[in-house]
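Colleague: I'm new to reading protein models. Could you walk me through one, a feature at a time?

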Amino acid sequence: MAAKWVRMVTAQTPTNIAVIKYWGKRDETLILPINDSISVTLDPHHLCTTTTVAVSPSFDQDRMWLNGKEISLSGGRYQNCLREIRACASDVEDEEKGIKIAKKDWGSLHILIASYNNFPTAAGLASSAAGFACLVFALAKLMNLSEDHGKLSAIARQGSGSACRSLYGGFVKWNMGKNEDGTDSRAIQIVDEKHWDDLVIFIAVVSSRQKETSSTIGMHNSVETSMLLKYRAQEVVPKRILQMEEAIKNRDFPTLAHLTCADSNQFHAVCLDTYPPIFYMNDTSHRIISIVEKWNRTEGTPQVAYTFDAGPNAVLIARNRNAATLLLQRLLFYFPPGDGVDLNSFLIGDKSILEDAG
Ligand code: ADP
Ligand code: DP6
Ligand code: CO
C-alpha cells in the first residue's frame with residue numbers, strides 16, 4: 001500500500017421530525033424500539049449535518065470532531081456503527097490518486113471524522129438523527145459499501161434510533177421489527193418528497209440550549225416508570241400508525257393534523273408521567289399550541305399541525321402555501337422579531353446529498 005494518500009468523502013444529511021413518535025427501547029444496545037414511528041424528512045438547506053470522513057495509512061487511531069471540538073469515540077454507539085460499516089466494506093481502487101484498499105485492509109485502517117451541525121445540537125431538533133445518518137452514509141461511500149439503504153438504515157439505528165429514518169426522503173416509517181438481532185428494525189419510505197409537496201414546515205426555535213435530559217435517558221426513565229407509555233405503545237400507536245399511513249397516502253390533511261398533534265401531546269404527557277418527570281416544553285411552546293388550536297377551531301378545519309420533540313422548539317406543518325403565509329403572519333404578530341423565537345421554513349426533503357470531496 002502506498003504511504004502518503006488520503007481518501008476523503010463529504011456527505012450532507014437533513015434532519016427528520018417524527019409525526020408519530022419513537023419513545024422507548026426494548027433493547028438499549030441494539031436500539032430496538034417499543035413501537036413503530038413515522039417522520040417527515042426536511043429539505044437540507046437550513047437544518048443539516050455535514051460530515052467529512054477520511055482514511056489514510058498515516059492515521060494511527062480513529063478520531064472525531066463535532067462542531068470543532070474533539071469528542072470521544074469510545075461510546076458504544078460510535079463503535080457499533082464503525083464496526084458494522086467496516087464489516088461490510090469493499091475494495092476501493094482510485095488509480096489517479098494511487099489508492100488501492102483491499103476489503104481486508106479496512107480492519108486496520110483508521111478513520112478521521114469531522115462533523116458540523118448548522119443548527120443547535122442536543123436541543124430537541126434531532127441532531128442525533130441527522131448526525132448518525134450522515135456519519136453512516138459518508139462512511140458507506142468512503143468504504144464503497146454495496147449494501148442498500150435498508151442495511152444502512154439498520155446501522156444508523158445503532159447510532160441513534162431516529163437516525164434510521166433520515167436515510168430516506170419524504171414520509172418515512174421505522175418498522176420496529178420482530179427479530180432479536182434487529183435486522184428487520186429499519187426504515188422504509190412511505191411516499192417520496194414529491195407526493196405531498198403542498199405542505200410547508202416551519203420550525204420555531206424557542207431555545208437552542210442543550211436539553212437537561214437527553215432523549216436516551218428520558219426514554220429509559222419512561223420505560224422504567226410510566227404506565228402511560230405501556231398503554232401508548234401497545235394500544236395507541238399501532239392504530240395511529242395505520243391511520244397515519246392512510247392519511248399520508250391520501251393527502252388527508254385533517255387526519256394528519258389531528259394525529260400529529262395528538263401524538264405530540266401524548267408523548268409530552270408520557271414525559272410528565274415519567275419519574276422523575278421530564279419537562280421538554282416551556283411556556284412559549286404552550287402558547288404556540290394555544291395559538292394553533294384556536295386558529296384551527298375558528299377555521300373549522302385544521303390549517304396547521306404542531307409537534308414538539310424532546311425540547312421546547314415547535315415544528316409546525318401548514319397545509320399549503322396560503323396557510324403558511326397566514327401562519328407566518330400570526331407567528332410574527334405573537335412573537336415579533338427579537339422576541340426570542342427564530343423562524344425557519346422548509347419543504348419536504350429528499351434523501352441525503354452527497355458531495356465527494358475526493
Ligand atoms: P437531539 O434532540 O439533538 O437529537 P439527542 O439527545 O437525541 O439530541 O442527541 C444528541 C447527541 O447526538 C449528541 O450529544 C451527540 O452524541 C450526537 N450527535 C449530534 N450531532 C452529531 C453529529 N453531527 N455526528 C455524530 N453524532 C452527533
Ligand atoms: C422525541 O433517536 O434521539 O425525537 O435512540 O436514544 O438516540 P436515541 O434517541 P433519539 O430519540 C428521538 C425521540 C424523539 C421522537 C422521534 O424522533 O421519533
Ligand atoms: Co435525538
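Modeller: Gladly! Keep in mind that this model is predicted. Let's begin with a sheet.

Colleague: How many bridges join β6 to strand β11, and how do the two strands run?

Modeller: Eight bridges join them, and β6 and β11 (residues 110–117) run antiparallel. To find your place, look for S56, which stands opposite H110 in β11.

Colleague: Which strand does β1 pair with, and by how many bridges?

Modeller: Strand β1 (residues 7–14) is joined to β6 (residues 48–56) by eight bridges, and this pair runs antiparallel.

Colleague: Now a helix, please. Which residues of α4 are buried?

Modeller: In helix α4 (residues 215–225), the buried ones are S215, G218, M219 and S222. Looking down the axis of α4, you see these buried residues fall within an arc of 90°, so they line one face of the helix. On the other side of α4, I217 and E224 are exposed.

Colleague: What covers the buried residues of α4?

Modeller: The cover includes a strand, β3 (25–27), along with helices α2 (127–142), α5 (227–249) and α6 (253–272).

Colleague: Last one: which residues come nearest to ligand 2?

Modeller: There are 15 residues around ligand 2, and A18, Y22, S160, G161 and S162 come nearest. Sorted by class, the shell around ligand 2 holds six nonpolar, seven polar and two charged residues.

How values were computed: Residues are numbered from 1 along each chain as its sequence is written. Chains are lettered from A and ligands numbered from 1 in the order in which they are written. This is a predicted model: local features need pLDDT of at least 70, side-chain atom pairs count only at pLDDT 80 or more; totals for chains, interfaces and linings use all residues. A residue is buried if 20 or more other C-beta atoms lie within 10 Å of its own, exposed if 12 or fewer, and partly exposed in between; C-beta atoms are placed from the backbone. Helices (H or I, at least four residues) and strands (E, at least two) are DSSP runs, numbered from the N terminus. The arc is that of the directions from the helix axis to the C-beta atoms. Two residues are in contact if their C-beta atoms, placed from the backbone, lie within 7 Å. A residue is near a molecule or strand if its C-beta atom, placed from the backbone, lies within 6 Å of it. Ala, Val, Leu, Ile, Met, Phe, Trp, Tyr, Cys and Pro count as nonpolar, Asp, Glu, Lys and Arg as charged, and the others, Gly among them, as polar. Two strands pair if DSSP finds at least two bridges between them.
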